[in-house]
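Thank you for making time for this.

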Amino acid sequence: MSYDAIVLAGGAARRLGGADKPALSVGGRALLDRVLDACPDARTTVVVGGRRPTARPVHWTREDPPGGGPVAALDAGLRRTTAELVLVLSADLPFLDRETVRALLEAPGGPGGPGADRADGALLRDPDGRDQPLVAAYRAEPLRRELALLATEHGNLTGLPLRALTAELDLVRVTSRPLASFDCDTWDDLAAARARIREHGSVLEQWITAVKSELGIDLAVDTKTLLDLARDAAHGVARPAAPLTTFLVGYAAAHAAATGADPAQAVAEASRKAADLALRWADEAAADPAEQNGSG
């Protein structure tokens, strides 16, 4: 599905003492980069705000005058897009994921669907029942129309609330996944986000996602397979064998992928071979009393 993305990364961040909120990190990655990672397949990505380093290339723009609020910022971003469908996001969503973005783009009856009777937009509704217009997908044409009408009515878009825009649009709601709409408006919010990614049930997924982003790779990682391999190497050979073996598996998989193999299948095949070797190594040691006793 072809779409453009607009990420609003301006604002005064008053409750954060004027800090550069999009550059604040959660899990070692800037909030803005975490949001950009949720929409990697956008045809064009426009960030509205001051320029700053990003993990992937984007187009930059600002509302005029700067600090004009979300409606003015959205208008500035929309002027840099050409797709019929636009994804609109704020830059402070540490747990936004690609599944949530896909749900917005493909919402039944939503803007990405077929037919002329589709809605003007699909926005996220958080677990408390609140609409999130800055976690949404919109059809560009009605969005441009309403922005033009507001500009005519008020003279400009500066300071207008988002509800002045969304009130006139036909919108469908998408129920939020847990934490997908969590935003960082205060230092307490930031601390809570940093603590959540280190919780036992999510830390590995968050870490793997961060590493893939840092290394610039996009690969479905079978965490269980790799952890099982590390366990077999550690128990069957020696503890230091675990990280070294998984490194060699990654290298072998990359080499196979370079020759045209599917990367995920290459990882699985290399993991299987290394795990089988570790098990044979352990069986051999168990069957050899001299080696088991440490003597030759």
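What you see is a predicted model, in which local features need pLDDT of at least 70 and side-chain atom pairs count only at pLDDT 80 or more, while totals for chains, interfaces and linings use all residues. Residues are numbered from 1 along each chain as its sequence is written, and side-chain values use heavy atoms, with hydrogens and water left out.

The largest pocket holds about 1,000 Å³ of space. The term refers to a 1 Å grid over the protein atoms alone, where a pocket is an open set of points at which a 1.4 Å probe fits, with protein on both sides within 12 Å along at least five of seven lines, and lining residues have an atom within 4 Å of a point. Grid points are joined across faces, edges and corners, and the volume is the space filled by probe spheres set on the points. Around this pocket there are 36 lining residues, and those nearest its centre are D37, L96, D97, E205 and T209. Two or more lining residues come from each of α1 (31–37), α3 (98–105) and α7 (203–215), where helices (H or I, at least four residues) and strands (E, at least two) are DSSP runs numbered from the N terminus. Helix α7 gives the largest share of the lining, six residues. Sorted by class, the lining has 16 nonpolar, six polar and 14 charged residues; here Ala, Val, Leu, Ile, Met, Phe, Trp, Tyr, Cys and Pro count as nonpolar, Asp, Glu, Lys and Arg as charged, and the others, Gly among them, as polar.

L96 sits in the loop between β6 (85–90) and α3. Is L96 buried or exposed? L96 is buried, because its relative accessible area is 7%, and buried means under 20%, exposed over 50%, and partly exposed in between, with a 1.4 Å probe and protein chains only. Beyond its neighbours within four places in sequence, L96 is in contact (heavy atoms within 4.5 Å) with R34, V35, A38, L89, V101, V135 and A180.

L96 also brings us to the largest nonpolar core, which has 29 residues, with Y3, V47, L87 and L96 making the most contacts inside it. A nonpolar core is a set of buried Ala, Val, Leu, Ile, Met, Phe, Trp, Tyr and Cys residues joined through side-chain atoms within 4.5 Å. At least two residues of this core are supplied by each of β1 (4–8), α1, β6, α3, β7 (121–125) and β8 (131–139). A second, separate core has 25 residues, including L8, A140, L160 and L165.

Strand β7 contains A122, which is buried, with a relative accessible area of 0%. Although A122 and V172 are 50 residues apart in sequence, their C-alpha atoms are 4.7 Å apart in space.

Turning to helix α2 (residues 70–78), we find it mostly covered, with eight of its nine residues buried. Those buried residues pack against β1, β4 (45–48), β5 (59–61), β6, α4 (140–154) and α5 (162–166). In the loop between β5 and α2 we find P65, and a cis peptide bond, with omega about 5°, joins D64 and P65.

How many disulfides are there? The count is zero, a disulfide being a pair of cysteine sulfur atoms within 2.5 Å. For C39, the nearest cysteine sulfur is that of C184, 17 Å away. C39 is buried, with a relative accessible area of 0%, and C184 is likewise buried, at 1%.

A258 is exposed, because its relative accessible area is 69%. The C-alpha atoms of A258 and A287, 29 residues apart along the chain, are separated by 39 Å.
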